[in-house]
Amino acid sequence: MESNIFSLYDLGTLIKRVFSLNFQDKIWVKAEIAGCKVVRGIAYLELIEKEEGQSDKIIAQQSAVIWQGTLHKLNEKLSEPITGFLEIGREILVLVQIDFNVRYGLKLVIDDIDPAYTLGKLFQQRQELEKLIFTEKLHEPNKLIPLAPVIQRIAVLSNDQAAGYQDFVHQLNENTLNYAFSLTLFPISLQGTLVEETVLIQLAEILKADTAFDVVLILRGGGSKLDLAGFDSIKICRAISSFPIKIITGIGHEVDETLSDIVAGISLKTPTAVAEYLLYHNQNFEASIQKMVLKINEKTRYKVQQSKLKLLRCQHELSLRPMRVIDRTNTKLQNIKQYLPNLIINRLKKEEVKLSFLQRLIGLVTISNTLKRGFSITQLLPGNKPLNESIMPNMEVETIWEKGSFRSIIIDK
Amino acid sequence: MDNDNISYEKAYSELEAIINQLESDALSIELLAEKVSRAAYLLELCTQKMRSIEADIQQIIGTS
């Protein structure tokens with residue numbers, strides 16, 4: 001029984017021997033980074049493997065270390081600090097030496113990293129997310145939001161330490177057109193795992209702000225593909241897609257396109273390009289105003305010209321027409337003047353005719369006419385009184401006939 | 001009836017009415033002298049008004 005009992009050290013030594021015998025060569029291991037911290041030039045990593053599929057269940061876990069010397073070597077190989085590369089959640093392919101220390105236990109000592117593997121994985125993930133963006137049509141909504149005719153109140157998601165942001169501010173403020181802009185910076189983390197969190201928080205802050213921003217900019221200068229990978233977050237993409245204000249991105253260099261760029265309302269290559277775009281946009285507005293002013297001037301001049309011509313025509317008409325009217329009226333009055341006496345004379349003549357006719361009619365029944373028809377009138381003398389009952393023989397009478405008169409004595413009664 | 005404030009149009013239409021009456025023999029002989037006198041008055045009034053208007057217009061156009 002005693003011979004079966006190991007001291008802890010003996011056991012450790014035995015295990016170390018087993019490891020040394022079986023893992024003489026370094027081996028390539030693929031794993032996901034679950035934790036990473038650099039203490040006094042040494043990087044301590046926690047590597048995990050999750051179950052296939054969407055599950056987050058961890059099925060394997062190991063601690064790993066990158067010694068200071070290796071860290072320098074890797075920095076040179078990646079031409080950037082390795083710490084930026086070793087992000088939580090990232091899949092890496094590392095060459096490890098399995099080391100078992102009798103006191104500290106098992107540790108994977110990382111000797112090399114294959115960045116191509118990580119980039120490949122990231123690219124693959126990115127491809128899947130890009131597909132998801134188009135399936136969910138996340139790339140459309142923000143593009144449909146119209147851009148304000150003039151952009152002045154600008155919310156910027158960036159970092160005032162970032163060169164890209166400083167270039168942007170310089171470009172915008174030094175514009176020769178003298179356009180004024182009101183910039184409000186909402187600081188975000190520009191790389192690493194904090195990109196997603198800070199962008200989401202600051203987008204929410206923009207909506208809470210008192211200012212009604214014309215546009216929201218997401219700006220970040222150039223960097224490696226891994227630096228920009230934070231902007232490939234599907235959560236950021238969803239937030240941009242459903243954001244009620246137009247978002248313009250200027251992330252990275254000419255060739256870079258993050259998923260955020262795909263869903264943004266407008267995606268431009270660099271922060272400087274964004275500044276140029278804003279200036280150009282406002283300049284376009286000013287040009288359209290100037291065009292309108294010219295048009296108004298032109299139209300006004302035309303109208304005035306037309307009115308002048310009309311007035312001249314009116315003036316001409318005015319000088320002719322009244323005189324024509326007066327001439328016509330004068331002619332009419334002259335006609336009346338000539339016509340009126342004739343009219344009156346005619347009217348009188350008509351009356352005369354009427355009267356003479358009546359006269360003739362009356363004449364027909366007068367005494368003389370009666371005498372002409374062979375009658376005679378006999379009157380008593382003296383005094384030419386009409387004959388009456390008192391006539392006696394020997395009374396003198398006068399008889400008037402057509403041709404004259406004669407006296408006679410009544411012989412008998 | 002014969003006030004000087006009568007407008008040209010009214011004077012002229014009254015004048016026309018008298019002429020129409022003369023033409024159509026609708027005018028009583030009793031009123032003939034009166035109407036003819038009225039017509040002469042209206043004719044003179046219209047002529048005066050026309051002269052005045054003409055002079056005014058000549059002056060306006062001449063000085064514009």
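Reader: What makes up the secondary structure of chain A?

Author: The secondary structure of chain A comes to 12 helices and 14 strands. The model is a predicted one.

Reader: What share of chain A is buried, and what makes a residue count as buried?

Author: A residue is called buried if 20 or more other C-beta atoms lie within 10 Å of its own. Of the 413 residues in chain A, 21% are buried.

Reader: Which strands form the open sheet, and how do they pair?

Author: Five strands of chain A form this sheet, in the order β7-β6-β8-β9-β10, and the pairing is parallel. From one strand to the next, the twist averages 20°.

Reader: Why are β7 and β10 of chain A said to stand at the edges?

Author: Each of these strands, β7 (182-187) and β10 (266-268), has a single partner strand, so one side of each is left without a neighbour in the sheet.

Reader: How do you know that β8 and β9 of chain A pair?

Author: Two strands pair if at least two bridges are found between them. Strand β8 (residues 215-220) and strand β9 (residues 247-251) of chain A are joined by five bridges and run parallel. Within it, Ile218(A) stands opposite Thr249(A) of β9(A).

Reader: What joins β4 of chain A to β1, and in which direction do the two strands run?

Author: Six bridges join strand β1 (residues 27-39) to strand β4 (residues 91-101) of chain A, and these strands run antiparallel. Val29(A) has Val94(A) in β4(A) as its bridge partner.

Reader: What links β4(A) and β5(A)?

Author: Eight bridges join β4(A) to strand β5 (residues 105-113) of chain A, with the two running antiparallel. Val96(A) stands opposite Ile110(A) in β5(A).

Reader: What makes a group of residues a nonpolar core, and which residues touch the most other members of the largest one?

Author: The members must be buried residues of the nonpolar kinds listed for a core, joined through C-beta atoms within 7 Å. The largest such core has 57 residues, and Leu157(A), Leu217(A) and Val274(A) touch the most other members. Strand β8(A) gives the most to this core, with five residues.

Reader: Which residues are in contact with Leu217(A), leaving aside its neighbours within four places in sequence?

Author: They are Ile154(A), Val156(A), Leu157(A), Ile248(A), Gly250(A) and Val274(A). Apart from the core of 57 residues lies another core, of 10 residues, among them Leu15(B), Leu22(B), Ala39(B) and Leu42(B).

Reader: How many residues of chain A are in contact with chain B, and of what classes are they?

Author: 17 residues of chain A are in contact with 18 residues of chain B. The side belonging to chain A has nine nonpolar, four polar and four charged residues.

Reader: Why is Ile88(A) called partly exposed?

Author: Ile88(A) has 13 other C-beta atoms within 10 Å, so it is partly exposed. This residue lies in the loop between α3 (82-85) and β4 of chain A. Ile88(A) and Ile33(A) are 55 residues apart in sequence, yet 5.0 Å apart in space from C-alpha to C-alpha. Not counting residues up to four places away in sequence, Ile88(A) touches Ile33(A), Ala34(A), Gly35(A), Cys36(A) and Thr193(A).

Reader: Why does Asn384(A) fall in its exposure class?

Author: The cut-off for an exposed residue is 12 or fewer neighbours. Asn384(A) has 12 C-beta neighbours inside 10 Å, so it counts as exposed. Asn178(A), with 5 such neighbours, also counts as exposed.

Reader: How is the peptide bond from Leu381(A) to Pro382(A) classed, and where does Pro382(A) lie?

Author: This bond is cis, with omega near -5°. Pro382(A) lies in the loop between β11 (377-380) and β12 (385-386) of chain A.

Note on methods: Residues numbered from 1 in each chain as written. Chains lettered and ligands numbered in written order. Predicted model: local features only at pLDDT ≥ 70, side-chain atom pairs only at ≥ 80, totals over all residues. Helix = DSSP H or I, 4+ residues; strand = E, 2+ residues; numbered from the N terminus. Axes fitted to C-alpha atoms, helices over the stretch in contact; angles between N-to-C directions. Contact = placed C-beta atoms within 7 Å. Nonpolar A, V, L, I, M, F, W, Y, C, P; charged D, E, K, R; others polar.
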